[in-house]
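Please look over the structure shown here, following the chain from one local feature to the next as the text takes them up.

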Amino acid sequence: MAKELYNLGEMPPLGVIPPKMHAWLIRPERFGKPMEAFQKEVVDTPPIADDEVLVYVMAAGINYNNVWAGLGIPVNVIGARNKAGEKEEFHIGGSDASGIVYKVGKDVTNVKVGDEVVMHCGQYSRHCEWVKSGGDPMYSPTFRIWGYETNWGSFAQFTKVQAQQCMPKPKHMNWEEAAAYTLVAATAWRMLHGWGANAVKKGDVALIWGGAGGLGSMAIQIAKAAGATSVAMVSGEDKFDYCMKLGAKGCINRNEFDHWGMLPHWKDNVGYAKWMKGVRAFGAKIWEVLGEKRAPNIVFEHPGETTIPTSIFVCDTGGIVVVCAGTTGYNATVDLRYLWMRQKRLQGSHFANTEQSNQMNELALRGLLDPCLSRAFTYDDIPVAHQLMHDNKHPHGNMSVLVGATGFGQGASGKPPVAIVHPTLPKDDMHTTPHPYPMSTPLPGIGEAEALTITDDGTKVRDLMHRGIISCTPTDTVGTVAKIMVNKEIHAVVVMDERGKAIGVVSQTDMVLARQGRTPDEARSMRAQDVMTPGCATCDADMLLSEAVSLMTGRRMHRLVVTEKEQPVGVISMTDVVRKIIGE
Ligand code: NAP
């Protein structure tokens, strides 16, 4: 007969499920920093469906996702589930775990009560038509990250998972090690092995960003196991040894270079040339580290906005830049010439499917994947571990917490199949990088309009626009255009063709870019059509000002030509908007 509730660490007899369990809960009324958002409570142990498994959790992994779940941003995960029909008004987080199977649904065949398992965090409906037809579950609309987008994660005595999430626990790992690697390692596996002809193979060269981080440390080991050579990127030489012990051939300190960030505009001769110098020096550093003039044919990307231009440039012809996050920002700029002429691939990747997670786990079972556990905590410290992450004061590598295990170092029952070196991170290692957003972000599609959040006072474009258009012809010289700008005290001149159609705009920025790398005489003698920004973004005079602003920011423009009955009648600029919203 099961007790109503077992104390933490008091293991119920195998297969006995108490009606209640201890758990750390997040509730909407206390959304905020982890120390407040997470609280210990006792809740009903969840029932399981026919394809599900109830696992007694021994240890759980810590990920950023549940910092965001606790903050309630960018998504109120509880509200979203309630809206979808789930009744629980709380969230039990935790998307990594090790534990023991205590109960299986009637359709479960891959695990049985008593099995020691680790779990990957990919859930999807087995009834999804796409999945039933053999499609990759990662593309199923039902795909969810367990313990973030779903409830009943691993920060509790029992967790409810789908049977397909369960994989054998490596016997040589203790509980907290086994709970640390699955999310990052499976993600890295799909990134490196999931993309057909570009899958990593013997003899490849891989460039791994954030080599000492959660994903990067796994990527180095996965690349090594495939027989590839990797170059690890880090922010300091103190992390070189760590990455080399994991298997990198060499490392580069990204702080030795300063060409990071979005690409300079291709018309900006000087800026682009400076960027090119920086990125070529970086490419030469890769050669130096490799000891041969080879370009990486696979680039493992997640920093995003600041590194993508470099990743695409250094990637070999026919190679792949595979990206699973945009930690530094989402607007990746691409010089398309390199993408098409050298036929490179920029590929998005998200977590991993069941098969890929198991392939990754094979590596762990064979002792070829160190979990890179940097710090383990007790159950009571679940909010502390998340608070450290929230404050960016956590170490690199992966962190986990004990749940059912009563002490550190328990659970290892076998010798590692091969000798394992556990590399250690530099003493006092801490993150100095931006907070990543959760690995899953809601993205409105064509059919799901997002509610407008912009407040609008009803101001229309016609209330602020300047009437009249100052124009030039396509063949007017830049010298002539400059005179018009100076004499009329305007920031841009519209280029009209012989039929009076606006075909482009020469802005002050275009003029400055025309002068970059040229003598004043050369720049003056260029024609308007050579320097203008082609096309002419227009808006109707009756458009709301807020919509016109979105149009300008979306296209990175400072002005729009205003039309009435489709005829150009004036101009509205960002300066006009600033006057209105801030005042002169
Ligand atoms: P992590 O442990 O924090 O490591 C990220 C590493 O990126 C840092 O260690 C840092 O290393 C490097 N970095 C930071 N800023 C950088 C910059 N400006 N330029 C170059 N490198 C920079 O995080 P993680 O667990 O590896 O995860 C990385 C990202 O992937 C996060 O945004 C996470 O949410 C996302 N993720 C996505 C999925 C998915 O399935 N889509 C799964 C897991 C993680 P140095 O300072 O040493 O360079």
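E489 is exposed, because its relative accessible area is 71%, where exposed means over 50%, buried under 20% and partly exposed in between, with a 1.4 Å probe and protein chains only. The residue sits in the loop between α15 (478-488) and β20 (492-496), and the phi of E489 is near 55°, a positive value in a residue other than glycine. Helices (H or I, at least four residues) and strands (E, at least two) are DSSP runs, numbered from the N terminus.

This is a predicted model, in which local features need pLDDT of at least 70 and side-chain atom pairs count only at pLDDT 80 or more, while totals for chains, interfaces and linings use all residues. Residues are numbered from 1 along each chain as its sequence is written, and side-chain values use heavy atoms, with hydrogens and water left out.

C372 has a phi near 55°, again a positive value in a residue other than glycine, and its place is the loop between α12 (354-365) and β16 (373-377). C372 counts as buried because its relative accessibility is 3%.

Another loop, the one between α2 (65-71) and α3 (77-83), holds P74, and the peptide bond leading from I73 to P74 is cis, with omega near -5°.

Turning to helix α11 (residues 336-341), the reader will find W340 there, and W340 counts as exposed because its relative accessibility is 53%.
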